[in-house]
Amino acid sequence: FNLELELAKEKPIELAIYDLSGRILYQETVAKTAKFANKYDLSPFAQGMYILKIVAEGETISVKIMKY
């Protein structure tokens, strides 16, 4: 999947992908940036639902991801 983020100010971004049991499968911290774009490969993961957690500018966003 592709992920694009645009922040008001340059801030570090923390990304993590969790399985539904809460286990961290992938984690990344991006240095200070205002714009971020990256492609993530879920092929190593089994089919199912995952949670993408993004922490930036003191806010946390969680998004469900479905891998078919």
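Reply: Happy to; the labels and their cut-offs follow. This is a predicted model, where local features need pLDDT of at least 70, side-chain atom pairs count only at pLDDT 80 or more, and totals for chains, interfaces and linings use all residues. Residues are numbered from 1 along each chain as its sequence is written, and side-chain values use heavy atoms, with hydrogens and water left out.

Me: Why is Ser62 called exposed?

Reply: Its relative accessibility is 52%, and exposed means over 50%, buried under 20% and partly exposed in between (1.4 Å probe, protein chains only). Ser62 therefore counts as exposed.

Me: What makes Tyr26 partly exposed, and why does Tyr40 count as buried?

Reply: Tyr26 has a relative accessible area of 30%, so the in-between class applies. Tyr40, at 9% relative accessibility, falls under the 20% limit and therefore counts as buried.

Me: How do you know that the pair of Tyr26 and Tyr40 is edge-to-face?

Reply: Rings of Phe, Tyr and Trp (its six-membered ring) pair if their centres lie within 6.5 Å; planes under 30 degrees apart are stacked, over 60 edge-to-face and the rest tilted. Here the centres are 5.7 Å apart and the planes make 70°, so the pair is edge-to-face. Tyr26 lies in strand S2 and Tyr40 in the loop between S2 and S3, so the pair ties together parts 14 residues apart in sequence; strands are DSSP runs (E, at least two residues), numbered from the N terminus.

Me: What makes the pair of Phe45 and Tyr50 tilted?

Reply: The centres are 5.4 Å apart with 35° between the planes, so neither stacked nor edge-to-face applies and tilted remains. Phe45 and Tyr50 are both buried.

Key: Helices (H or I, at least four residues) and strands (E, at least two) are DSSP runs, numbered from the N terminus.
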